[in-house]
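I am opening a notebook page on this structure, and I want to set down what I looked up in the order in which I looked it up.

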Amino acid sequence: MRIDGSGTLRAGCVLCPNPGPMTLEGTNTWILREPGSRGVVVVDPGPHDERHLERVARTVQEQGAQVLMAVLTHRHPDHSEGARYFSELTGAPVHAVDPEMRVGGRGLADGELLEADGLRLRVLATPGHTDDSVCLYLEADGAILTGDTVLGHGTTVIDGDDGLGPYMESLYRLRDLVRENQVRTLLPGHGPILTTPAAVLDSYIDHRESRLAQVLDAVNSGAVRVEEIVDRVYPDITEQIRFAAMSSVRAQLRYLSLNGGLPDGVEV
């Protein structure tokens, strides 16, 4: 399973050496360039790992190209923390939804077209993993850069108790886009590229709906506290990622509560 160096005609991955339970093999930094052009867009420079950031900048330089902008898919440090140093290395502005993440750049609006020396990227607001999460549609390659909204393997953590509703809407939106435009590839923020986008999104949606049913079953069986529900729904969870399961359960309970599917007395 090759990740570093994988991609499409216009997109290439530089894998950051920061593997872990939440980052899988590491953070995927994407270098995007229209064939025959010099201008480059870098998506998610990554954490503040100077060797990685310098490698990304050097890779662009060795291609005889220049970084015109960097774009963040969301605020989490494993994607954004190195943005300031990367901007200093390359002189490129960093665009992001969250104003605090920008470095000489601007915001990202849903539907906005980003253009750089012939390269065209469409911004898709896909809140859920975080409220500032975006995906980027690279139509010329039939590809979507998904950040942490869809991963190369495993499932995504919902950041915030109110995030599951928006996340489900984001998944439905991506699935519709994939089907209507025959998107061929998903380029995730972690893990390998995905070449069966419709099947992956179906699986993500089915997984979330199944988890909601399991949480509701746990509640109906007498579990009322988040810890109790985690024990029933995620019996094999390790302590290392238990916090992620608790975050997901809180989001699921909030979703059920807002949609009238939760009995009284349950911790939300």
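Before sorting the residues of any lining, I note the classes: Ala, Val, Leu, Ile, Met, Phe, Trp, Tyr, Cys and Pro count as nonpolar, Asp, Glu, Lys and Arg as charged, and the others, Gly among them, as polar. The model is predicted, so I keep in mind that local features need pLDDT of at least 70 and side-chain atom pairs count only at pLDDT 80 or more, while totals for chains, interfaces and linings use all residues. Residues are numbered from 1 along each chain as its sequence is written, and side-chain values use heavy atoms, with hydrogens and water left out.

Entry on pockets. I looked for pockets on a 1 Å grid over the protein atoms alone, where a pocket is an open set of points at which a 1.4 Å probe fits, with protein on both sides within 12 Å along at least five of seven lines, and lining residues have an atom within 4 Å of a point. The second largest pocket holds about 160 Å³ of space, a volume being the space filled by probe spheres set on the points, which are joined across faces, edges and corners. I found 14 residues in its lining, with Arg 10, Ala 11, Gly 12, Ile 31 and Gln 63 nearest its centre. Strand E1 (11-15) and strand E2 (28-33) each give two or more residues to this lining, and E1 gives the most, with 4; strands are DSSP runs of E of at least two residues and helices runs of H or I of at least four, numbered from the N terminus. By class, the lining of the second largest pocket has 6 nonpolar, 5 polar and 3 charged residues.

I then turned to the largest pocket, with about 530 Å³ of space. Of its 27 lining residues, Met 22, Thr 155, Thr 156, Val 157 and Ala 244 are the closest to the centre. H7 gives the most to this lining, with 6 residues, and the lining as a whole divides into 11 nonpolar, 11 polar and 5 charged residues.

Entry on positive phi. Which way does Asp 44 fall, buried or exposed? Asp 44 sits in the loop between strand E3 (39-43) and helix H1 (50-62), has a phi near 60° although it is not a glycine, and counts as buried at 1% relative accessibility (buried is under 20% relative accessible area, exposed over 50%, partly exposed in between, with a 1.4 Å probe and protein chains only). Gln 182, also not a glycine, has a positive phi of about 50°, but it is exposed at 66%.
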